[in-house]
Amino acid sequence: MSADVRRAAQAAAFDRIGDRYDEAFPHKAGQVAAGEWLVSRLAPGSRVLDVGCGTGLPTLRDLAGAGMRVTGMDISPVMLGLARQNVPEADLRLLDVSGITPELGAFDGAVAFFSLLMLPRAEIPAALRAIRVALRPGAPFALGMVEADLDYVPISFLGAEIRVTGYPRDQLREVVTAAGFSIVGEHALDYAPVAPGRPPETQLFVTALAGGGPEPG
Ligand SMILES: C[S@@+](CC[C@H](N)C(=O)[O-])C[C@H]1O[C@@H](n2cnc3c(N)ncnc32)[C@H](O)[C@@H]1O
């Protein structure tokens, strides 16, 4: 299956899920705290990228409310449409994570909450490097993932089939560090989604600073 076909399937699944995603994950204390950490390191007016912003709730809205200039990107037109309603002031792009290029400009901070887990493991290092290269040296980055030893495994979620990837936390640390980030914090949170048939999960929040220099080979 080509990367384009994989992306189209994931986007179509999130088009079907739409705002039911927020109903399944109503409590986002860990995500909110990671976003607050990011804001605490930035001046108002800073440019922040939200990779896989979904409906924009709560993160894009909170970042914009804290005075950040926000760019949200997502591959699902439906999720992006919801983000447009929820955070009209955001710069929103229908864009795959592989589309993070210098044309987007430099960012002072970035978040990726539960979006990189929608990629196969083979693509996650490049996605993290692209985010790192888009950031100014020393810029804060907050990542949310689910702790699991899975590589692009199909699961049924709110009536749609999505594919998900996870790492045990020590491996996640290695992948983030190898992409050129210095990890400053890690927080694990047990979470029970409000979705029929979804088992409890352990969410991992990693906070890190972008290293400088060219993209590592
Ligand atoms: C689990 S949701 C999380 C949404 C939001 N970050 C949040 O935490 O509420 C994952 C989002 O990532 C988007 N996504 C999946 N694959 C992507 C990709 N390759 N590039 C950009 N966004 C992607 C999906 O469309 C979906 O909106």
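Reader: How far does a polar side-chain atom of aspartate 96 lie from a nitrogen atom of the ligand?

Author: This is a predicted model, in which local features need pLDDT of at least 70 and side-chain atom pairs count only at pLDDT 80 or more, while totals for chains, interfaces and linings use all residues. Residues are numbered from 1 along each chain as its sequence is written, and side-chain values use heavy atoms, leaving out hydrogens and water. A polar contact is a pair of N or O atoms within 3.5 Å. For aspartate 96 and a ligand nitrogen, the distance is 3.1 Å.

Reader: Which residue has a polar backbone atom 2.8 Å from a nitrogen atom of the ligand?

Author: In arginine 7, an N or O atom of the side chain is 3.1 Å from a ligand nitrogen. The backbone atom at 2.8 Å from a ligand nitrogen belongs to phenylalanine 113.

Reader: How much of the ligand's exposed area does the protein bury?

Author: Accessible areas come from the Shrake-Rupley method with a 1.4 Å probe. Taken alone, the ligand exposes 590 Å². The share buried by the protein is 98%.

Reader: Which residue in E4 stands opposite leucine 49?

Author: Strands E1 (residues 47-51) and E4 (residues 109-113) pair in the parallel sense over three bridges. Opposite leucine 49 stands alanine 110.

Terms used
Pairing = 2+ DSSP bridges. Helix = DSSP H or I, 4+ residues; strand = E, 2+ residues; numbered from the N terminus. Polar contact = N/O pair within 3.5 Å; in protein donor to acceptor, adjacent residues only side chain to side chain.
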